[in-house]
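Please view the sequence and the 3D structure before reading on.

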Amino acid sequence: MKNSTLVFRSLGIIIFLAGLAHLFSFGVDVSDDTPTLTSETPSEPMEQGKVATPAENTETDFLTDQWKVAYNTDDFKGAIIYSIKKEGKVYNAYTHQYEDENGYAEKAEGSKALTITSFNGSKGKGIYNIEYEGKQYEVDCKIAQVDENTFTLSYDYYGYGDVETWKRH
(Lines give C-alpha, C1' and ligand atoms only; values in the text may rest on other atoms or scores of the structure.)
Protein backbone atom coordinates (compact mmCIF):
# COMPACT_ATOMS: atom_id res chain seq x y z
CA MET A 1 0.00 0.00 0.00
CA LYS A 2 1.33 3.40 -0.89
CA ASN A 3 2.01 6.01 1.78
CA SER A 4 -0.46 8.46 0.18
CA THR A 5 -3.27 5.85 0.26
CA LEU A 6 -2.55 5.11 3.92
CA VAL A 7 -2.61 8.84 4.78
CA PHE A 8 -5.93 9.42 2.97
CA ARG A 9 -7.56 6.36 4.60
CA SER A 10 -6.34 7.45 8.05
CA LEU A 11 -7.61 10.98 7.40
CA GLY A 12 -10.99 9.58 6.26
CA ILE A 13 -11.33 7.50 9.46
CA ILE A 14 -10.47 10.52 11.64
CA ILE A 15 -13.04 12.69 9.82
CA PHE A 16 -15.65 9.95 10.15
CA LEU A 17 -15.06 9.57 13.92
CA ALA A 18 -15.09 13.34 14.48
CA GLY A 19 -18.34 13.66 12.50
CA LEU A 20 -19.90 10.82 14.49
CA ALA A 21 -18.95 12.48 17.78
CA HIS A 22 -20.35 15.78 16.51
CA LEU A 23 -23.60 14.06 15.50
CA PHE A 24 -24.08 12.53 18.96
CA SER A 25 -23.48 15.90 20.61
CA PHE A 26 -26.77 17.16 19.12
CA GLY A 27 -28.65 14.69 21.34
CA VAL A 28 -27.40 16.35 24.53
CA ASP A 29 -29.80 18.93 26.02
CA VAL A 30 -27.92 21.94 27.32
CA SER A 31 -30.84 24.34 27.68
CA ASP A 32 -30.78 26.77 30.57
CA ASP A 33 -34.56 26.53 31.18
CA THR A 34 -34.13 23.79 33.76
CA PRO A 35 -34.75 24.74 37.36
CA THR A 36 -31.65 25.47 39.36
CA LEU A 37 -31.33 25.17 43.09
CA THR A 38 -29.46 28.16 44.44
CA SER A 39 -30.82 28.49 47.93
CA GLU A 40 -28.40 27.14 50.48
CA THR A 41 -28.84 26.54 54.16
CA PRO A 42 -25.96 26.42 56.61
CA SER A 43 -24.93 22.97 57.69
CA GLU A 44 -26.13 21.99 61.11
CA PRO A 45 -25.47 18.76 62.92
CA MET A 46 -28.26 16.23 62.47
CA GLU A 47 -30.24 15.35 65.53
CA GLN A 48 -30.62 11.67 66.13
CA GLY A 49 -33.83 10.32 64.61
CA LYS A 50 -34.34 13.21 62.16
CA VAL A 51 -34.34 12.67 58.42
CA ALA A 52 -32.52 15.11 56.17
CA THR A 53 -34.81 16.98 53.75
CA PRO A 54 -33.67 18.95 50.72
CA ALA A 55 -33.67 22.73 50.96
CA GLU A 56 -36.82 24.40 49.67
CA ASN A 57 -36.31 26.08 46.31
CA THR A 58 -37.56 29.58 47.10
CA GLU A 59 -36.94 30.82 43.54
CA THR A 60 -39.63 28.61 42.03
CA ASP A 61 -41.79 27.93 45.08
CA PHE A 62 -43.11 31.47 44.86
CA LEU A 63 -45.42 30.11 42.12
CA THR A 64 -47.35 27.98 44.61
CA ASP A 65 -50.25 30.23 45.61
CA GLN A 66 -53.47 31.75 44.28
CA TRP A 67 -53.18 34.13 41.33
CA LYS A 68 -55.71 36.58 39.91
CA VAL A 69 -55.95 37.39 36.19
CA ALA A 70 -58.19 40.21 34.93
CA TYR A 71 -59.94 39.73 31.58
CA ASN A 72 -61.79 42.28 29.44
CA THR A 73 -63.06 40.46 26.36
CA ASP A 74 -66.40 40.17 24.58
CA ASP A 75 -66.90 36.75 26.20
CA PHE A 76 -65.86 37.60 29.75
CA LYS A 77 -65.33 40.79 31.72
CA GLY A 78 -63.97 40.14 35.18
CA ALA A 79 -61.26 38.01 36.72
CA ILE A 80 -60.34 34.38 37.24
CA ILE A 81 -58.47 33.23 40.30
CA TYR A 82 -56.17 30.29 39.69
CA SER A 83 -54.60 28.02 42.28
CA ILE A 84 -51.07 26.87 41.38
CA LYS A 85 -49.85 23.65 42.97
CA LYS A 86 -46.57 21.81 42.60
CA GLU A 87 -47.19 18.26 41.43
CA GLY A 88 -44.00 16.30 40.94
CA LYS A 89 -41.58 18.33 38.83
CA VAL A 90 -44.24 20.58 37.26
CA TYR A 91 -46.59 23.29 38.49
CA ASN A 92 -50.26 23.05 37.55
CA ALA A 93 -52.75 25.92 37.72
CA TYR A 94 -56.41 25.10 38.30
CA THR A 95 -59.40 27.44 38.08
CA HIS A 96 -60.47 28.33 41.62
CA GLN A 97 -63.00 31.16 41.36
CA TYR A 98 -64.66 33.45 38.81
CA GLU A 99 -65.37 37.12 39.57
CA ASP A 100 -67.49 39.35 37.38
CA GLU A 101 -66.88 43.05 36.80
CA ASN A 102 -69.18 43.93 39.74
CA GLY A 103 -67.20 41.82 42.20
CA TYR A 104 -69.63 38.89 42.46
CA ALA A 105 -67.78 35.61 42.81
CA GLU A 106 -68.60 32.03 41.91
CA LYS A 107 -66.61 28.90 42.68
CA ALA A 108 -64.96 27.38 39.60
CA GLU A 109 -64.98 23.73 38.59
CA GLY A 110 -61.24 23.30 39.16
CA SER A 111 -60.19 22.51 35.61
CA LYS A 112 -56.51 22.56 34.70
CA ALA A 113 -55.63 25.78 32.91
CA LEU A 114 -51.81 25.79 32.88
CA THR A 115 -48.89 23.40 33.24
CA ILE A 116 -45.52 25.03 33.91
CA THR A 117 -42.96 22.51 32.67
CA SER A 118 -39.80 24.50 33.42
CA PHE A 119 -38.99 27.55 35.49
CA ASN A 120 -35.57 28.82 36.58
CA GLY A 121 -36.68 31.53 39.00
CA SER A 122 -37.25 34.29 36.47
CA LYS A 123 -38.32 32.68 33.18
CA GLY A 124 -40.09 29.52 32.22
CA LYS A 125 -42.16 27.60 29.70
CA GLY A 126 -45.43 25.79 29.88
CA ILE A 127 -48.64 24.68 28.22
CA TYR A 128 -51.68 26.96 28.52
CA ASN A 129 -55.18 25.58 27.92
CA ILE A 130 -57.39 28.07 26.11
CA GLU A 131 -60.94 27.80 24.84
CA TYR A 132 -61.88 29.36 21.52
CA GLU A 133 -65.29 28.99 19.87
CA GLY A 134 -66.17 26.07 22.14
CA LYS A 135 -62.98 24.09 21.47
CA GLN A 136 -60.06 23.50 23.85
CA TYR A 137 -56.50 24.13 22.67
CA GLU A 138 -53.16 23.43 24.34
CA VAL A 139 -50.80 26.28 23.50
CA ASP A 140 -47.11 26.67 24.29
CA CYS A 141 -46.50 29.68 26.51
CA LYS A 142 -43.68 31.61 28.14
CA ILE A 143 -43.62 32.81 31.72
CA ALA A 144 -41.58 35.77 32.98
CA GLN A 145 -41.41 36.93 36.58
CA VAL A 146 -42.03 40.66 36.97
CA ASP A 147 -41.65 40.86 40.74
CA GLU A 148 -42.33 38.68 43.77
CA ASN A 149 -46.10 39.10 43.36
CA THR A 150 -46.48 39.26 39.57
CA PHE A 151 -45.59 37.26 36.48
CA THR A 152 -46.62 37.48 32.84
CA LEU A 153 -47.79 34.63 30.67
CA SER A 154 -47.50 35.10 26.91
CA TYR A 155 -48.58 32.88 24.04
CA ASP A 156 -49.02 33.02 20.29
CA TYR A 157 -51.21 30.49 18.51
CA TYR A 158 -51.46 30.95 14.74
CA GLY A 159 -51.53 34.72 15.03
CA TYR A 160 -53.85 34.80 18.04
CA GLY A 161 -51.72 35.81 20.99
CA ASP A 162 -51.92 37.59 24.28
CA VAL A 163 -49.91 38.59 27.31
CA GLU A 164 -51.67 38.03 30.63
CA THR A 165 -50.58 39.51 33.93
CA TRP A 166 -50.97 37.13 36.88
CA LYS A 167 -51.02 38.86 40.29
CA ARG A 168 -50.79 37.13 43.65
CA HIS A 169 -54.25 37.02 45.25
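## Terms and basis

Strands (E, at least two residues) and helices (H or I, at least four) are DSSP runs, numbered from the N terminus. The model is predicted: local features need pLDDT of at least 70 and side-chain atom pairs count only at pLDDT 80 or more, while totals for chains, interfaces and linings use all residues. Residues are numbered from 1 along each chain as its sequence is written, and side-chain values use heavy atoms, with hydrogens and water left out.

## The largest pocket

A pocket, on a 1 Å grid over the protein atoms alone, is an open set of points where a 1.4 Å probe fits, with protein on both sides within 12 Å along at least five of seven lines; lining residues have an atom within 4 Å of a point. Its volume is the space filled by probe spheres set on the points, which are joined across faces, edges and corners.

The largest pocket holds about 810 Å³ of space. It is lined by 24 residues, and Tyr71, Ile80, Asn129, Ile130 and Glu131 are the closest to its centre. S6 (123-132) is among the strands that supply at least two lining residues each, and S6 gives the most, with five.

## Strand pairing

Two strands pair if DSSP finds at least two bridges between them. S1 (residues 65-72) runs antiparallel to S2, joined by eight bridges. A hairpin of four residues links S1 to S2, and Tyr71 stands opposite Gly78 in S2.

S2 also pairs with S3 in the antiparallel sense, over 10 bridges. Here Ile84 stands opposite Ala93 in S3. Two residues lie between S2 and S3 in their hairpin, and Gly88 in the turn has a positive phi of about 75°.
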